[in-house]
Every structure is written in C-alpha cells, then in structure tokens.
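Hi everyone, thanks for making time for this one.

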Amino acid sequence: MSAAPDPDVRQLLADAAQQLGGEMARFDAELLLLHVVQRPRSWLFSHATDAVAPAQQQAFASLLARRVAGEPVAYLTGRRGFWTLDLQVDSTTLIPRPETELLVELALQRLPPDQPLAVADLGTGSGAIALALASERPQAQVLATDASAGALAMARANAQRHQLGNVRFALGSSDWFAPLQGRQFALIASNPPYIASVDPHLHAGDLRFEPPTALASGLDGLDDIRLIAAGARAHLQPGGWLLLEHGWDQGAAIRALLEHAGLQDVRTEQDLEQRDRVTLGRRAA
C-alpha cells in the first residue's frame with residue numbers, strides 16, 4: 001500500500017483555517033505557513049497546488065497548535081508590519097497595531113519635513129512610532145525611551161535593520177521623563193499603558209501574552225497618562241505638541257488632564273471606527 005501524498009498548500013491552509021476558526025483564521029494560517037516556508041505572500045497564489053514537505057508540515061503544525069492556544073501570530077513569526085516598516089517583535093514588546101498609525105499621521109502633520117526638529121517617543125516598545133517618524137522625517141532627531149531593556153534592544157535592532165540613523169535610545173524608569181534629561185522637544189508622542197488593571201480583557205486573547213507593564217496602568221488605566229500629562233509641558237518647546245494614544249472611553253478624561261497641565265488646543269481624534277484614539281495638546285508659543 002503506497003503512502004498518502006503530502007498535502008498541498010491549499011489543503012493545508014484550509015484544514016488550518018478550520019482548526020483556528022474566526023474571521024482571521026485563513027489570514028493567520030497563511031502568515032504561519034509563509035513563515036515556515038520563508039516565502040513572500042505572492043508565493044501563495046502561484047504555488048497553491050505544491051506539496052508541503054513533512055518537515056515543514058511538522059513545523060507548521062507546531063505553530064498552529066500554539067496559535068489555537070491563543071499565542072499571537074506576531075510572536076510566533078517574530079515580526080509585524082507597521083506603517084511602511086517590517087518590525088521584529090517578541091514577548092518583551094507590545095505588538096504594534098494598525099490603530100497606532102493614527103498617532104503617526106497626526107504627528108507627521110505637526111513635523112515639517114524640512115526642519116531638524118527634536119522628537120521623543122516615550123515607551124517605544126518595538127520602536128514602531130519612533131521609527132515610523134524617523135523614516136518619514138529624516139532631518140528629525142528622535143529619542144526613543146523604554147523602561148524595558150529587552151524592548152529597547154528590540155527597538156534598536158529594528159532601527160539598525162532599517163538603517164535609521166536619526167534615532168537614539170535611552171533606558172527609562174517609572175519616571176517617564178528621566179531619560180529626557182531636561183531637554184525640550186518639538187513633539188512628544190506616546191502609546192503608554194492605558195488599560196484598567198481590573199479589565200477582564202487582560203486575561204483574554206492576545207493580551208494574555210503581551211507584557212502586562214505595557215498594557216495596564218492603575219484602576220482606571222490612567223496612572224501613567226497622568227504622569228505624562230503633568231510632566232510634558234516642561235519638556236516641550238514653545239509651540240510643541242504632546243500626542244497620547246488611549247482607550248475608546250478615555251478621551252474626555254485625558255482632555256481634562258492636558259488642559260489642567262496648561263496645554264492649549266486640546267482635542268481628541270478618532271480612528272477609522274469612529275472611536276476616540278489620540279488626544280493631543282500644545283504648549284503655548
């Protein structure tokens with residue numbers, strides 16, 4: 001009796017999607033298989049009927065089992081696309097999300113492309129915000145900080161990989177502004193922890209695998225944002241901007257914090273799903 005033939009790409013993906021279930025099942029399965037075979041996405045369209053070797057099947061099955069258990073695809077593949085960049089990520093960093101690109105868009109609107117401005121990204125994680133801004137504003141000097149040495153090492157590696165020489169890195173602490181060392185900036189951006197520590201979502205889905213210190217911040221999720229709001233004005237140049245990403249129901253509270261801190265032109269911008277996402281304010285010129 002002859003051995004059964006190895007399944008082809010199409011069959012392997014169909015079976016995997018059925019195991020995963022959900023709207024993203026097929027997409028997740030494709031990302032995992034492409035990681036195993038080390039091919040670009042275009043490869044799927046011309047190799048759907050190719051047989052998959054046993055060793056690759058085994059590697060794919062192992063990743064699939066971990067994804068079924070809830071582990072994020074970005075951690076399984078070690079990479080995530082953000083803005084125009086392909087970033088390396090691991091469990092020391094928050095996974096970059098498309099919603100954060102709104103913060104990048106708003107920051108770029110306030111950073112003229114032909115001026116050597118100073119920019120800071122507080123809590124850089126994988127470097128997503130800092131590197132996106134540095135890539136679009138090569139004359140800017142970007143300082144990226146994080147309290148996690150592991151995250152900072154990953155951000156530095158991503159900068160080197162994309163040959164972005166206008167980014168510097170500094171290890172932070174519970175004092176968000178300690179790495180800024182009395183300097184002032186044209187713009188300070190941050191995607192800080194903003195989930196309430198009692199939020200049940202922290203124990204569900206991908207969030208279970210991400211670093212808790214990058215997610216939760218006190219009973220209402222605003223502890224770190226309070227610190228940033230209170231200290232930002234001293235580190236902003238006259239006319240400089242502070243931009244903060246936050247949760248969908250925190251806009252009003254954060255506007256109040258920025259206004260109390262003496263910032264002007266305070267407002268909240270919504271993401272593509274019409275949810276409050278970024279609140280910003282400006283130091284008086």
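Let's begin with helix α6, residues 101-109, and helix α7, residues 128-136: in this predicted model, their axes lie 10 Å apart and the two helices pack at an angle of about 40 degrees. Angles under 35 degrees count as roughly parallel, and α6 and α7 are therefore oblique to each other. The crossing, where α6 passes α7, is right-handed.

Which residues of α6 and α7 meet there? From α6 we have L103, V104, A107 and L108, and across from them in α7 are I129, A132, L133 and E136. By class, that contact has seven nonpolar residues, one charged and no polar ones.

Now let's move to the other end of the numbering scheme and look at α1 and α2. Helix α1 covers residues 9-20 and helix α2 covers residues 25-37; their axes come within 8 Å and cross at roughly 130 degrees. That crossing angle makes α1 oblique to α2, and the handedness is right-handed. On the α1 side, the contact is built from V9, R10, L12, L13, A14, A16, A17 and L20, while α2 brings A25, R26, D28, A29, E30 and L33. If you sort those residues by class, you get ten nonpolar, four charged and no polar.

Please keep your eye on α2, as it has another partner to show you, helix α4. Helix α4 runs over residues 54-68, and the axes of α2 and α4 come within 9 Å, crossing at roughly 140 degrees. Angles over 145 would count as roughly antiparallel, but the α2 and α4 pair stays oblique. Here too, α2 passes α4 in a right-handed crossing.

Who makes this contact? From α2 there are D28, A29, L32, L33, H35, V36 and V37, and from α4 there are Q56, A59, F60, L63, L64 and R67.

Last stop, the second largest pocket, with a volume of about 630 Å³. Of the 19 residues lining that pocket, F27, L31, V73, T77 and R79 are the closest to its centre. Which element gives the most to the lining of the second largest pocket? That's α2 again, with five residues. At least two lining residues each come from α2, from α5 (73-77) and from β1 (79-82).

And the make-up of the lining? For the second largest pocket, the residues divide into eight charged, seven nonpolar and four polar.

That's my tour, and I'm happy to go back to any of these views.

Key:
Residues are numbered from 1 along each chain as its sequence is written. This is a predicted model: local features need pLDDT of at least 70, side-chain atom pairs count only at pLDDT 80 or more; totals for chains, interfaces and linings use all residues. Side-chain values use heavy atoms; hydrogens and water are left out. Axes are lines fitted to C-alpha atoms, for helices over the stretch in contact, and angles run from 0 to 180 degrees between N-to-C directions. Helices (H or I, at least four residues) and strands (E, at least two) are DSSP runs, numbered from the N terminus. Angles under 35 degrees count as roughly parallel, over 145 as roughly antiparallel, 65 to 115 as roughly perpendicular and the rest as oblique. A crossing is left-handed if the near helix is turned anticlockwise from the far one by less than a right angle, and right-handed if clockwise. Contact means heavy atoms within 4.5 Å. Ala, Val, Leu, Ile, Met, Phe, Trp, Tyr, Cys and Pro count as nonpolar, Asp, Glu, Lys and Arg as charged, and the others, Gly among them, as polar. On a 1 Å grid over the protein atoms alone, a cavity is a set of points where a 1.4 Å probe fits but cannot get out, and a pocket is an open set with protein on both sides within 12 Å along at least five of seven lines; lining residues have an atom within 4 Å of a point. Grid points are joined across faces, edges and corners, and a volume is the space filled by probe spheres set on the points.
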